[in-house]
Each structure stands twice: as C-alpha cells, then as structure tokens.
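Try each task before reading its solution.

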Amino acid sequence: MAASGPTAFPGKMSHKKYKAALKKEKRRKRRQELARLRDAELSQQEEEEDAFAEEKRLEEERLMEEERQKLHEEWLLREEKAQEEFRAKKKKEEAARKRKEEQERKLKAEWEEQQRKEREEEEQKQQEKREREVTSVIGG
C-alpha cells in the first residue's frame with residue numbers, strides 16, 4: 001500500500017492537483033475509518049449474537065435439566081407406589097397363608113380328635129364284648 005499524504009506523489013505538482021490528491025486521501029481515510037467502524041460494529045453484533053445464542057443454549061439446557069429432574073421424580077414416585085403395592089400384596093398373601101395354615105392345623109387337630117374318639121369307642125366296645133364273653137363263659 002502506498003504511503004499516505006502528499007509525499008506519496010512524486011515530484012512537484014500544481015496547487016490544484018495537490019488539493020485533489022489531498023481530497024482523495026481524505027476520502028480514502030474516511031472510507032477506511034467507516035469500514036473499520038462497520039467491521040467493529042459487525043464484530044460487536046456477532047459477539048452479542050454469540051452471547052445471545054450462548055444464553056439461549058444455557059436456558060435450553062436448564063429447561064432440559066428441569067424436565068429430566070421432573071421425569072426422574074415422577075419415576076421415583078411411581079417406583080415407591082409400586083413398592084408399597086408390592087409390600088401390601090405380600091403382606092396380604094402372608095396373612096392368607098397363615099390363615100390357611102391355621103385352618104388346616106385346626107382341621108387336622110379335629111380329625112385326630114375324631115379318630116382318637118372313634119378308637120376309644122371301638123376299644124370300649126371291644127372291652128365290653130370281652131367282658132360279656134368272659135361273663136358268659138364263667139356264668140354259663
């Protein structure tokens with residue numbers, strides 16, 4: 001790039017050409033400054049857009065994390081309810097099993113008692129029969 005200012009032009013020039021060159025140089029510097037400002041503004045806009053995009057991304061991540069946490073808590077509640085239902089069912093089944101065992105035990109005890117009474121009655125009859133036979137043999 002050529003050096004700035006009137007020294008960039010070789011030799012002596014007329015006042016008119018000097019003023020035109022000076023005006024041209026001022027326009028060039030003004031355009032460069034405007035371009036520099038425009039670039040600075042664009043980069044600032046890009047930074048703002050990047051910051052906005054980052055903020056939006058963080059907000060989306062926060063919302064996703066909240067949703068994940070909500071779903072996890074709902075799952076925990078469902079799991080706890082299922083565990084409670086399972087424990088209640090097991091308790092009910094255990095109570096039913098104990099009732100059944102107790103009923104079977106009572107039935108068995110009643111059956112055994114019935115068998116014992118029948119045996120005693122049978123023995124009693126046998127004893128009476130023997131006594132009659134002995135009495136009839138002795139008395140006869």
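Predicted model: local features only at pLDDT ≥ 70, side-chain atom pairs only at ≥ 80, totals over all residues.

Residues are numbered from 1 along each chain as its sequence is written, and side-chain values use heavy atoms, with hydrogens and water left out.

**Exercise 1.** Find how many salt bridges the model has.

Solution. Start with the rule: a side-chain nitrogen of Lys or Arg lies within 4 Å of a carboxyl oxygen of Asp or Glu. By this rule the count is 13 salt bridges.

**Exercise 2.** Describe the pair Glu33 and Arg36.

Solution. Take the distance: N to O is 2.4 Å, a salt bridge. Next, the positions: both sit in helix α1 (residues 15-139), 3 residues apart, or about one helical turn. Helices are DSSP runs (H or I, at least four residues), numbered from the N terminus. Partly exposed lies between buried (under 20%) and exposed (over 50%), using a 1.4 Å probe and protein chains only.

**Exercise 3.** Do likewise for Arg116 and Glu120.

Solution. The closest N and O atoms of this salt bridge are 2.4 Å apart. The two residues are 4 apart in helix α1, about one helical turn. Arg116 is partly exposed at 31%. Glu120 is partly exposed too, at 41%.

**Exercise 4.** Which residues does Arg57 join in a network?

Solution. Look for shared partners: salt bridges link Glu54, Arg57 and Glu61 into one network.
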